Amino acid sequence: MRRQDTRPSPLFLALLAVTIGGGALTILESEFAYRAGVVILVLGGWAVSLCLHEFGHAFVAYRGGDREVRWKGYLTLDIRRYTDPLLSIVLPLIFLLIGGIPLPGGAVWINHHALRTKRVESWVSLAGPLTNLVLGILLTLSVTLFMPGELTPLSAALSFLALLQIFAFLLNILPIPGLDGWGAIQPYLSYKTQVFGHKAAQWAPLILFAALIGLPGVGSAFYSLVSSIFDAVGGSSYAAAVGRNTFMFWL
């Protein structure tokens with residue numbers, strides 16, 4: 001079987017270019033241009049982060065013994081490789097547009113039997129959320145280092161995108177079947193518990209998302225925790241709120 005290239009795919013590079021282009025639009029004087037730029041930057045940046053999240057899973061799996069991730073194309077950052085485009089990309093982007101909640105998007109299929117140890121299995125699951133955390137910190141640093149004290153459409157958009165990364169990290173790290181946090185502890189659970197988790201993985205995340213959206217108390221508590229972590233790494237919740245309001249201009 002032909003081995004897939006591991007260089008970044010042209011599509012990923014195009015997504016990155018579109019995201020950068022959105023950032024460039026935010027510095028223009030035109031209100032339409034900077035609002036469009038915020039939307040493009042956030043949506044493009046989120047799509048890029050989905051690729052990096054799944055690449056994190058695949059890279060650790062590859063280093064841990066699963067060579068199949070290479071010929072499946074998971075190491076190319078090609079967004080099309082990360083399962084169904086509708087369920088993995090389009091729906092999360094729609095949820096982001098209507099509610100500002102960054103749902104887990106793609107997925108990579110790991111050959112767990114090829115992984116060397118339980119510890120490796122745990123790190124494969126943790127790699128994705130930790131990628132979001134690192135991205136959130138880097139985006140926050142880009143604002144605090146290069147735009148200190150400034151509130152511009154660009155700093156607001158980057159702050160909102162950084163906040164989404166922290167949200168995604170905290171959401172994915174929860175030990176709930178179907179999320180990466182469960183995958184991190186699953187190798188150490190009993191067989192019966194693992195079977196239960198496998199069955200619950202289809203509906204448990206949906207219940208969580210419904211609670212976050214439909215139960216104000218749950219959503220508020222979760223957002224407060226996200227904001228606390230965001231502030232702790234140097235982010236500005238106010239700038240992120242301005243970015244969110246600009247992004248969701250129809251509300």
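User: Which ring does the charged end of Arg67 sit over, and how far is the charged end from the centre of that ring?

Analyst: A charge sits over a ring if NZ of Lys or CZ of Arg is within 6 Å of the ring centre and within 35 degrees of the ring normal. Here the charged end of Arg67 lies over the ring of Tyr62, 4.4 Å from its centre. Please keep in mind that this is a predicted model, in which local features need pLDDT of at least 70, side-chain atom pairs count only at pLDDT 80 or more, and totals for chains, interfaces and linings use all residues. Residues are numbered from 1 along each chain as its sequence is written, and side-chain values use heavy atoms, with hydrogens and water left out.

User: How many aromatic pairs does the structure hold, and what describes such a pair?

Analyst: A pair of aromatic rings is described by the distance of the centres and the angle of the planes. Rings of Phe, Tyr and Trp (its six-membered ring) pair if their centres lie within 6.5 Å, and planes under 30 degrees apart count as stacked, over 60 as edge-to-face and the rest as tilted. The structure holds 5 aromatic pairs; one of them, Phe55 with Phe59, is stacked, at 5.8 Å centre to centre and 20° between the planes.

User: Are Phe55 and Phe59 buried, exposed or partly exposed?

Analyst: Buried means under 20% relative accessible area, exposed over 50%, and partly exposed in between (1.4 Å probe, protein chains only). Phe55 is partly exposed at 24%, and Phe59 is partly exposed at 37%.
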